[in-house]
Amino acid sequence: MGMRKTTGMMCAAILAASMLATGCSSKTAEPAKGETAGKDAGGEVALNFSWWGNDDRHQATQKAIDAFNTAHAGKIKVTGEPSGFGNLEETFATRYAGGTAADIMTVNYPWVLQYSPDGNGFYDLDQVKDIFDFSQYDPEFLKFGQRAGKMQAIPYGQNTLGFYLNKSAFERAGIKELPKTFDEYKKAAEAFTKADPNSYLIVSPTFRFAAIYYLQQKTGKGEFADDLSMNYTQEDYKDALIWYKDLADAHVFCSRKDYIENVGNEPVSIAQNAKFINGGYAGVLEWTGGIASNAKTLSDKGDQLAIAPLPVIDGAKFEGTMAKPSLTFAISKDSKNPKAAAEFLQYILNDPEGTKLMGSTRGMVASKAAKASLEADGQITGVVKDAYDFTANAKVINNSPIFENAKFTDAYDKNYEKFEFGQSSADDAAKAIFDAISEENAKLKQQYK
Amino acid sequence: MKHSKIGLLYILPWLAGIIFLTLYPFVNALVISFTDYNLVRKPNFVGFGNYIDLFRNADFRSTLTATIKYTIFTVPLQLSFALFIAYILNFQLKGINFYRTAYYIPSLLGGNVAVAVLWRFLFQQDGFINRFIGIFGAAPIPWLSSPNGAMSVIVLLKVWQFGSSMLIFLAALKDVPQELYEAASVDGSSRLYSFFRITIPLITPTIFFNLVMQMVNAFQEFNGPYLVTGRGPLNATYLTSMYIYDNAFKFFNMGYASAASWLLFIIIMAVTAILFATQNKWVFYSDEGN
């Protein structure tokens, strides 16, 4: 009996312990070297390239890789490593820390600061400036990819937050002209909810996008100052909560309850969402980077996406939206073949053929050569052209590199949810957001000082 | 000696697995739990700071409540259902092997992504379940967007995966001597009476085994809730395993996540120990008294 008990307890202990095996192993030393692919026996350089996105981006990128491989047969072979939009940072951080990052990496803009605060986190691209043509970029724009004076990543283009509406759904609801003000949005929402009481005009991956849009206009400032300090007060957050809730009650913005029901809990791209495709959400508040995907899913169904004018709140100090450099591209500091990697980057970011194949699936390009190639190929038309014009004309405040810290977004969504579900007052929710952001902000300021 | 070496060779893959994939991370997580390791920077020693923060953190306490609630609902329901189906499948029915296989399939599918997508479709506002209950005039239930509804959805998903417990029960039921039922029947015992007076007492070691295994699994549950409901409304389905995952891979607080893992491990061990302490009162082993 005693033996049986001991054995049983041991089994239970091992079972329980096995969960600790997931995700808790540490590798505190520098990322392991030599894990990236090198030359094979035939002398061909093997590289891998990681990116994320929807199907349209995967297909376009794979075509570019195939064309590059064909043109460099026997010399360089690139293997693609695509992934979806979910768990981006988890995947990146794990690979980076484990020393298994791809030779050529897609890097979110905030990660440049996060993983390379001293300019040594990625390969120094100044070493390959004879291969990669930096002259195609505005020198000021390139600064987004620099840390401590070193070129760490190449910013792809500007991402601007905007209202992209299903024009066809508006027409079906009897609205010929897209709304320009929030009052017009409220009126439009009435028309939509008459036909379908569960419909909403605008869905956004996170309440935070709308809140910052409002707070930028209200205060005239971005969420964080250049020295990373917070710009918004507890009272500002309270105003944002009440403003959004009012518009969610009017079915202009998607309620949190409806988001949980039809999208989920996490901030994700809406392009593939069934309710968006079916017109239950008549538009999105998202970055321009996703506009081609959103437009494609709607056009597959015969609907048309259009960029709406930016609505302005009453008493606005700023009449624009927020922007950030869209994704960036970096070469792993552990890559054995940085020159070949730079050659590939040159192909997909500046080469007429490569940029043509990559298309507009990553949003607006910043490279002059890429834009010329896409224009010549007739790819900058329709909503994509509108997005270029919108990006060029919109008044924007660039968000801080610490903006996309997951704890910030988490604090916004979690506390708005409590407010909307009646579990906390606007004051309590605003205080909770302010406290959570202050705490994380203090840590980040300390970390990056 | 030669035999023992061959034996050792046979278990070497398992041994290597347990040492490198379980014991090493297990001990390493304990070390990390006393640091502020964040995957990128070198860790600093923070003493019991992470553990103190955890006890003060309302979110962590809320995930523990959700996990305990989830365990309390899923384990008895799953075991009862598994035993019920195993009891039926123990009869000599035509095509019994087909039914046994069919009932085991949900366990093979488990909490994978396809099932999660299907599950979300089933329980959405205009999903199959609400349409079905609508036939009888019932109002749609906000399964995914109400705290209780979301908890019900993930409990049902877990209960649906009853196959492994069912197979173990089936094996135990087959071991119950038929003579006992025959003797009871001669004495006028009903099927129900025999079930509670003969079957249940004789399979208590199996019930105990399944109870411990399912309890440990429920405390560690991740896939189903993560894929189907996520945190759920108001963190209703935000289980401790998900909290650990978020802190480790979303917020990169590896030290904090490791401390939470260790606290969860201690809780699981404590509950397991309590179950073992109670087994003398209700578990009957056939070699009892030997």
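In strand β3 (residues 104-107) of chain A, A:Ile104 and A:Thr106 point one way while A:Met105 and A:Val107 point the other way, and all are buried, a residue being called buried if 20 or more other C-beta atoms, placed from the backbone, lie within 10 Å of its own. In a regular strand the side chains alternate between the two faces of the sheet. The model is predicted, so that local features need pLDDT of at least 70 and side-chain atom pairs count only at pLDDT 80 or more, whereas totals for chains, interfaces and linings use all residues. Residues are numbered from 1 along each chain as its sequence is written, and chains are lettered from A, with ligands numbered from 1, in the order in which they are written.

Strand β3 of chain A is paired on the basis of DSSP bridges, at least two being needed between two strands; strands themselves are DSSP runs of E with at least two residues, helices are runs of H or I with at least four, and both are numbered from the N terminus. Strand β1 (residues 45-52) of chain A runs parallel to β3(A) and is joined to it by two bridges, with A:Ser50 standing opposite A:Met105. Strand β11 (residues 328-331) of chain A, in contrast, runs antiparallel to β3(A) and is joined to it by four bridges, and here A:Ile104 faces A:Ile331.

At the level of domains, whose bounds come from an automatic or database domain assignment, chain A is divided into domain 1 (45-157 + 326-366) and domain 2 (159-324 + 398-447). The centres of these two domains of chain A, taken over C-alpha atoms, are 29 Å apart. Contact, defined as C-beta atoms placed from the backbone and lying within 7 Å, links 16 residues of domain 1 of chain A with 17 residues of domain 2 of chain A. On the domain 1 side, helix α4 (residues 109-115) of chain A contributes the largest share, four residues.

Chain B contains 14 helices and zero strands, and its C-alpha trace spans about 75 × 70 × 35 Å along its principal axes. Of the 290 residues in chain B, 34% are buried. Among contacts in chain B between residues at least 6 apart in sequence, 71% join residues at least 24 apart. The unreviewed UniProt entry lists several spans of chain B as "transmembrane region", including residues 153-173 and 193-212, although such annotations, given in the numbering used here and with shortened feature names, may be inferred rather than shown by experiment. In the model, residues 153-173 of chain B are 90% helix and 0% strand, with end C-alpha atoms 30 Å apart, while residues 193-212 of chain B are 95% helix and 0% strand, with end C-alpha atoms 26 Å apart.

Notes
Two residues are in contact if their C-beta atoms, placed from the backbone, lie within 7 Å. A residue is buried if 20 or more other C-beta atoms lie within 10 Å of its own, exposed if 12 or fewer, and partly exposed in between; C-beta atoms are placed from the backbone.
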